[in-house]
Amino acid sequence: MSDISTCSKYIDGRAVEARIEELETEIRDFEDTALEAGWEFRKEGDEYVAEGPTVDGSPGNVYRDSSRDVVVLAAAEEAGARWTSLTDPEELEDLRGLRDEAQGYGGWPNCTLVNDDNWIEYAQTLADDAGGVTDAWPHRHIDWEAAADELRQDFTEVRYGGSSFLMRA
């Protein structure tokens, strides 16, 4: 699977979808663990609430958060689930945000997102793959920044974790 981080040169849209599915499956499994232990989940206004079972007449713990995933993980951990800390609800939220933004453009998820910090290198590689670019004159005098800027017209910018990525529009 490709690396999905703000430092990645490239992110494969299919890898994003696979990671979202993986994290959502983990959270569903943790929710099942909490439900089996007597936890209840509900939504109150803009908050999600997880309420633990009554133990020896004492009410169980209550967790509240704007993220359903956060309360599920807190309840599952208290219910005895192991490794809940390895599931990052912020990562899932960021990936869902990326997917929601990118889905508005053609080709998702069968596309590659190019880190804006790597854009000029990407343009050089694309030109080289098209053939005819060498290290000899006049090719070594190409204004790659200008070429990359022109190529950018065929792409749109999406954000992930505070970084800009470009995908074909």
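The model is predicted. Its largest nonpolar core has 23 residues, and helix 1 gives the most to this core, with six residues. The salt bridges come to 14, and the aromatic pairs to six.

**Helix 1**

- Helix 1 covers residues 13–36. Its 24 residues should span 34 Å at 1.5 Å a residue, and the end C-alpha atoms are 35 Å apart, which agrees.
- At the start of this helix, a side-chain oxygen of Asp12 comes to within 2.7 Å of the backbone nitrogen of Arg14.
- After helix 1 comes Gly38, which has a positive phi, near 100 degrees.
- The buried residues of helix 1 are Gly13, Ala15, Val16, Arg19, Ile20, Leu23, Glu24, Ile27, Phe30, Glu31 and Ala34.
- An α-helix has 3.6 residues a turn, so residues three or four places apart point the same way.
- The elements that cover the buried residues of helix 1 include strand 1 (10–12), strand 2, helix 2, helix 3 and strand 5.

**Nonpolar cores**

- In soluble globular proteins, nonpolar side chains tend to be buried together.
- Within the largest core, the residues that touch the most other members are Ile4, Ile11, Val16, Leu95, Leu113, Val158 and Tyr160.
- At least two residues of this core come from each of helix 1, helix 2, helix 3, strand 6 (155–160) and strand 7 (163–168).
- A second, separate core has eight residues, among them Trp119, Ala148, Leu151 and Phe155.
- Ile11, a member of the largest core, touches Asp3, Ile4, Ser5, Val16, Cys111, Thr112, Leu113, Tyr160 and Phe165, leaving out residues up to four places away in sequence.

**Salt bridges**

- Glu91 and Arg19 form a salt bridge through their side chains, with N to O at 2.9 Å. Glu91 lies in helix 3 (residues 89–102) and Arg19 in helix 1, so this pair ties together parts that are 72 residues apart in sequence. Both Glu91 and Arg19 are buried.
- Glu44 and Arg64 form a salt bridge whose closest N and O atoms are 2.8 Å apart. This pair links distant parts of the chain, with Glu44 in strand 2 (residues 40–44) and Arg64 in strand 4 (residues 62–65), 20 residues apart.
- Glu44 is partly exposed at a relative accessible area of 32%, and Arg64 is partly exposed at 43%.
- Asp69 and Arg96 form a salt bridge with the closest N and O atoms 3.0 Å apart. Here too the pair links distant parts of the chain: Asp69 is in helix 2 (residues 68–78) and Arg96 in helix 3, 27 residues apart.
- Asp69 counts as buried at 9% relative accessibility, whereas Arg96 counts as partly exposed at 25%.
- Salt bridges with shared partners join Arg42, Glu44, Glu47, Glu51 and Arg64 into one network.

**Aromatic pairs**

- The ring centres of Trp39 and Tyr63 are 5.8 Å apart and the planes are at 25 degrees, so the pair is stacked.
- Trp39 counts as buried at 4% relative accessibility, while Tyr63 counts as partly exposed at 27%.
- Tyr10, Trp119, Tyr122 and Phe155 are linked into a cluster by ring pairs. Trp119 and Phe155 also belong to the second core.

**Asn115**

- Asn115 lies in strand 5 (residues 112–115) and counts as buried at 4% relative accessibility.
- The Asn115 side chain reaches the backbone nitrogen of Asp117 at 2.9 Å.
- Setting aside neighbours within four places in sequence, Asn115 is in contact with Thr6, Cys7, Ser8, Lys9, Ser164 and Phe165.

Terms used
Residues are numbered from 1 along each chain as its sequence is written. This is a predicted model: local features need pLDDT of at least 70, side-chain atom pairs count only at pLDDT 80 or more; totals for chains, interfaces and linings use all residues. Side-chain values use heavy atoms; hydrogens and water are left out. A salt bridge is a side-chain nitrogen of Lys or Arg within 4 Å of a carboxyl oxygen of Asp or Glu. Helices (H or I, at least four residues) and strands (E, at least two) are DSSP runs, numbered from the N terminus. Buried means under 20% relative accessible area, exposed over 50%, partly exposed in between (1.4 Å probe, protein chains only). A polar contact is a pair of N or O atoms within 3.5 Å; within protein, one must be able to donate a hydrogen and the other to accept it, and residues adjacent in sequence count only if both atoms are side-chain atoms. Contact means heavy atoms within 4.5 Å. A nonpolar core is a set of buried Ala, Val, Leu, Ile, Met, Phe, Trp, Tyr and Cys residues joined through side-chain atoms within 4.5 Å. The expected span of a helix is 1.5 Å times one less than its number of residues. Rings of Phe, Tyr and Trp (its six-membered ring) pair if their centres lie within 6.5 Å; planes under 30 degrees apart count as stacked, over 60 as edge-to-face and the rest as tilted.
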